[in-house]
Amino acid sequence: MEFVIKKKNLLECLSHFQSVVEKRNTIPILSNVKVSALQGGLTITATDLAMELTENLVANVIQAGGITIPSQLFFDIIRKAPDQSEIILKNDEKNNTVYVLFGDSKFSIPMLPVDDFPVMDEDKLEIEIKVKSKNFKNLVNNCKFCMGLDESRQYLNGIYLHSNGETVSTVATDGHRLSKCSLPEPIKQSFDGIIIPKKTVLEISKILEEYDEDINLSFSKTRMRILLGNIKIVSKLVNASFPDYESVIPKDNDQTMVVDCKSFSETIDRVSTISDEKFRTVKFEISKNVCVVSSFGNDKSLGTESVDVDFSGSQVSINFNARYILDVLNIIKNGKVKFSFSNKTAPTILECDNLKNTLFLIMQMRA
Amino acid sequence: MIALLDCNNFYVSCERLFNPKLINRPVVVLSNNDGCIISRSNEAKRMGIKMGEPVFKVKHILRKGKVIVLSSNYSIYGDISNRIMNILKDSLSDVEIYSIDEAFFSLRGVNDRQKKCIYLADKILKWTGIPVSIGIAKTKTLAKIANRVVKKKKEYSRLKFNYKNVLEVKKDNDLEYILNNTNVQDVWGVGKKLSIFLNQNNIKNAQELKQCDENFIREKKGVVLQRTVLELRGVKCNYIETSLPIKKSICVSRSFGRKLYYYRDIRSALIVFVQKATSKMRKYNLFCRVITVFLKTSKYEKEVYSNSKTYTLIEPTIDIRLIWKIADDLLRNIFKDSFLYSKVGIILSDFYDKKNIQKSLIDYKSISETKEIKLMKTIDNINDRFGYGKIRLSSDNNQNFFSNSIVRNRKSPSWQMKTKYCSPCYTTRWCDIPKVKV
């Protein structure tokens, strides 16, 4: 195998693989990327056995073939090559060695057999949907911050993608807060919900930042494939049932408070400085269009700030984890935010006109 | 000024309270499962019996010297300790209970500090029968050293002692003499490992540690040892902590009295430990989020096995029923047939206080937080009043275990620790109250 490619193109491609390849692997070949050269271009693949990322790119292929090369080392060598370099990659099958050449530099790297590189099965993906990139970005980005972290609850460690027959929605929850986002366009296709694992969600989100075209998403009950132009991600899905989230969305939160997102976010950030790093408790005491935000520290320190709000209801006194509120306000960014509180123990709903198809729930702390 | 009160040979002193035959005789108290020596009377110390020595290694000395050997009886020691600490708290405002037999207290504003301490030591001896030593100095580290000097007067022969059990280091010359004659390993916060490092750097005694470059110490061993250096110089870095810091974890585990093979026996031990751990947690008014159960064989077994499993709750809890349900599941997950197990235990961690509990979104409708708290409080109140284990989980069949039961000589559970030489629980069990025949 032998090909020539511009440094810029190769580096940009390799940067997509760095977070897919695990730094510490029990199976050595998983630290490598597979490079296949065919007439007209290259295909680079990385996998951690749960997810596979493949990218096609144009190169001047002199001789077709395939190799595997340590991902991190390859990336570092290409990163340090002069900017205008033309990178030549060729292998010596007899010695099991890959040569990376540019300018006066020559690197020889031992390689592992390309046939040992695992390939993920992507047959029988029955459901296929096409979504606009901008809308899919919202589906992912408005939910990903709510994904769980706990290894013992795998079903929460991802985004739940499902359909209600009218449109497609994503939901994520870590058990304390929940976010739900729906597509504005109707998609009549009905299918069973799937849970996309956390790592896949984060990779998709990263690639979506630089991608603006339509997205093709195919999936079965156990696997999914997403095509983003030259990039293809195949991933296993979380094999579990997502909790019945609809039942926790309260229907009768009748006390509402409307605030300016940016200034309220700054207030919470300021007041919560004093709170314990672990708990981040802030208290809202709302009455007569004034919300007093307060927080206390371990050493009996106290911080308060009053904010003018539009409030309809009798009186509310409620505690929250400041981080959860700030995460939502950071997604909303600006405009007016509506908090809907309940008199009972139900969670608080946060909504915003800017994000019409998105709803956030935050469970309060014990009073 | 800060003082450190330390009870002399505490466990042995407690045993002597109720058994005068032990006075003036060599006595040792053993650790859990009667494994090692953890308290020695002065007579036993003079025979060369070392602290922490395994019993089997000194069996010949014990036999030859007619040493009285006792299993540890923590219900007595805990009870006597509470009495001593209460005397201190009644007399002083800033008291930090440092361990079962040690307490720091502040002497700020007291004019004649030694006199005050002698008064306290006499009061404790009179009211509880326990002899204590008190060291007074500018910092906690120096108070610890002063206390050691009181107990080991022979090592500081040039020093003039005005009182038998109280010492205040007032003169700089005296302090220098004491620090020069105190091995660096005996300084509070310097253990065996650190002392090897310090010795390699030519720091052999407390005076040399005091005079060393504190930046070198910080760079090599961190801020904690740097604080020790500063405290030796008289700079107060550690204050009296009157409120308890939030615990990081609570672990209850015991090595079994004999090896256990059956799941039901291990489960029956675990349920007792779970109840003890949760009750301890509730005493600190804490709610836990993380529950870990571990199980292991002895490392000397032919087939060794050790495993642990952890579960994280969405909402922290104090509810014994929920914690036991999870612990039981975790044990079932890690238990494997055909091993002889020597230890099981539970660790509760990731604690929250009542004001900082994040509620669960998923099952918020089913959890009644007030009911849960009230029920646990009621159980604790009943057990405090009528004896530990009076109300317990229905899965718990260890009716003979709980130490406050009225009848004593019932058959112990198969997993209970070896306590072959245990004295009666004179102060905490009705049937063990000493009888006087007239």
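1. In this predicted model, 12 residue pairs are in polar contact between chain A and chain B, both residues of each pair being at pLDDT 80 or more. On the side of chain A that touches chain B, the elements that give two or more residues are strand 13 (177–182) and strand 23 (316–321) of chain A. The residues of that side of chain A divide into 12 nonpolar, 10 polar and five charged.

2. As for the extent of the interface, the contact takes 27 residues from chain A and 25 residues from chain B, and the two chains bury about 2,300 Å² between them, with 55% of that area on carbon and sulfur atoms. Within chain A, the residues that lose the most area to chain B are A:H176, A:F279 and A:R366, which together account for 34% of what that side buries.

3. Charged pairs also cross between the chains, and the count of salt bridges between chain A and chain B is three. One of the residues already named, A:R366, meets B:E372 through their side chains in a salt bridge, at 3.4 Å from N to O. Side chains of opposite charge can pair when their charged atoms come close.

4. Over all chains, the structure holds 33 salt bridges. Among the salt bridges is one formed by A:K199 with A:D48, whose closest N and O atoms are 2.8 Å apart. This pair links distant parts of the chain, since A:K199 lies in helix 4 (residues 198–208) of chain A, whereas A:D48 lies in the loop between strand 3 (41–47) and strand 4 (51–58) of chain A, 151 residues apart.

5. Turning to the helices of chain B, the axes of helix 1 (residues 10–18) and helix 4 (residues 74–91) of chain B come within 10 Å and cross at roughly 95°. Because angles of 65 to 115 degrees count as roughly perpendicular, helix 1 of chain B is described as roughly perpendicular to helix 4 of chain B. The residues that meet include B:F10, B:Y11 and B:C14 from helix 1 of chain B, and B:Y77, B:I80 and B:I84 from helix 4 of chain B. By class, this contact between the two helices has 10 nonpolar, one polar and one charged residues.

6. Both ends of helix 10 (residues 214–221) of chain B deserve a look. At the start of this helix, a side-chain oxygen of B:D213 reaches to within 3.0 Å of the backbone nitrogen of B:N215, while the residue that follows helix 10 of chain B is B:G222, whose phi is positive, near 95°.

Methods: Residues are numbered from 1 along each chain as its sequence is written. Chains are lettered from A and ligands numbered from 1 in the order in which they are written. This is a predicted model: local features need pLDDT of at least 70, side-chain atom pairs count only at pLDDT 80 or more; totals for chains, interfaces and linings use all residues. Side-chain values use heavy atoms; hydrogens and water are left out. Axes are lines fitted to C-alpha atoms, for helices over the stretch in contact, and angles run from 0 to 180 degrees between N-to-C directions. Helices (H or I, at least four residues) and strands (E, at least two) are DSSP runs, numbered from the N terminus. Angles under 35 degrees count as roughly parallel, over 145 as roughly antiparallel, 65 to 115 as roughly perpendicular and the rest as oblique. Contact means heavy atoms within 4.5 Å. Ala, Val, Leu, Ile, Met, Phe, Trp, Tyr, Cys and Pro count as nonpolar, Asp, Glu, Lys and Arg as charged, and the others, Gly among them, as polar. Buried area is the accessible area (1.4 Å probe) that two parts lose on being put together, summed over both. A salt bridge is a side-chain nitrogen of Lys or Arg within 4 Å of a carboxyl oxygen of Asp or Glu. A polar contact is a pair of N or O atoms within 3.5 Å; within protein, one must be able to donate a hydrogen and the other to accept it, and residues adjacent in sequence count only if both atoms are side-chain atoms.
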